[in-house]
Amino acid sequence: HGGGRFPVRRIYCVGRNYYDHAVEMGGNPEREPPFFFHKPTDAAVDVSAEGSEVPYPTMTENLHFEAELVLALGKGGQDIPVSSAMALIWGYGVGVDLTRRDLQNDAKSSKRPWCTSKGFDFSGPVGALVPADKFDPNGKHISLKVNGEQKQHSALDKMIWSPAEIIAHLSLYHRLEPGDLIFTGTPAGVGALRPGDLCESIVDGLPPCVFRVTGSPSVKKACAL
């Protein structure tokens, strides 16, 4: 937020981390431990500048928004206890996990990975980051609007797994390092974006994540092998 650049190393995302969204997506949050997926490093898009644009991706006719609080790590480690996890956070931001929902639904039904539905170009727009000592997530809310109409709204404390618990659990599987971004999950209300739409994701006390969707849907038949 002071004008510098955050060097992104990896992007981790948490699935179904709000009770209402887990139910919305057909899950049972009371029985599911946290699970994670990845986006490529260059999927992160800085949309802090006014007038930022994100292109509509190819191979989908159902692009969805998912507003999320993003953790930016300034320290690393593995097997991090929950009591120490918050010390790894350098800062916070607001992001949108863009999703090719039609491809994700196909992947779920065929029990295949989500790579093409979650890890495409420009799939992780993020607003300006704020240092951790200038933001407290307790008591804050997250919301998302499309063309001024509110689509998502929730208190951050409705996360099933808190930021500290997310970091601790993720560090069981991966050695975390400075430069890692963690998208912490989205509340209910996810829905479609169309070319021309203005998407605004907001968390109280953080710079917003705002962008306009450009281009047009383009779906080509996949080649048979």
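Colleague: Let's begin with helix H5: which of its residues are buried?

Modeller: The buried residues of H5 are Pro163, Ala164, Ile166, Ile167, Ala168, His169 and Leu170, where buried means under 20% relative accessible area, exposed means over 50% and partly exposed lies in between, with a 1.4 Å probe and protein chains only. Please keep in mind that this is a predicted model, in which local features need pLDDT of at least 70 and side-chain atom pairs count only at pLDDT 80 or more, while totals for chains, interfaces and linings use all residues. Residues are numbered from 1 along each chain as its sequence is written, and side-chain values use heavy atoms, with hydrogens and water left out.

Colleague: And why is H5 said to be largely enclosed?

Modeller: Seven of the eight residues of H5, which covers residues 163-170, are buried, so the helix is largely enclosed by the rest of the structure. Helices (H or I, at least four residues) and strands (E, at least two) are DSSP runs, numbered from the N terminus.

Colleague: What do those buried residues pack against?

Modeller: They pack against the strands E1 (11-15), E2 (35-39), E6 (67-73), E7 (89-96) and E13 (181-183), and also against helix H2 (82-85); contact here means heavy atoms within 4.5 Å.

Colleague: Is arginine 5 buried or exposed?

Modeller: Arginine 5 is exposed, with a relative accessible area of 68%, whereas aspartate 46 is partly exposed at 39%.

Colleague: Which residue does lysine 118 form a salt bridge with?

Modeller: Its partner is aspartate 97, and the closest N and O atoms are 2.7 Å apart. The pair links distant parts of the chain, with lysine 118 in helix H4 and aspartate 97 in the loop between E7 and E8, 21 residues apart. Lysine 118 and aspartate 97 are both buried, and they belong to a network of salt bridges that links Lys39, Glu66, Asp97, Arg101 and Lys118.

Colleague: Now the strands; how many bridges join E11 to E12?

Modeller: Six bridges join E11 (residues 141-146) to E12 (residues 149-155), and the two strands run antiparallel; two strands pair if DSSP finds at least two bridges between them. Leucine 144, for example, has glutamine 152 in E12 as its bridge partner. The hairpin of E11 and E12 has two residues between the strands, and asparagine 147 takes a positive phi near 55 degrees there.

Colleague: What about E11 and E15?

Modeller: Five bridges join E11 to E15 (residues 198-203), again with the strands antiparallel, and cysteine 199 in E15 is the bridge partner of valine 146.

Colleague: And what is the strand order in the open sheet of three strands?

Modeller: The order is E8-E5-E14, with antiparallel pairing. The edge strands, E8 (99-100) and E14 (191-192), each pair on one side only. Two bridges join E5 (residues 63-65) to E8, and histidine 64 has threonine 99 in E8 as its bridge partner.

Colleague: Last one: which residues line the second largest pocket?

Modeller: The lining consists of Met59, Leu103, Asp106, Ala107, Ser110, Arg112, Pro113, Cys115 and Thr116. Helix H3 (101-110) and helix H4 (115-118) are the elements that give two or more residues to this lining, and the largest share, four residues, comes from H3. On a 1 Å grid over the protein atoms alone, a pocket is an open set of points where a 1.4 Å probe fits, with protein on both sides within 12 Å along at least five of seven lines, and lining residues have an atom within 4 Å of a point.

Notes
A salt bridge is a side-chain nitrogen of Lys or Arg within 4 Å of a carboxyl oxygen of Asp or Glu.
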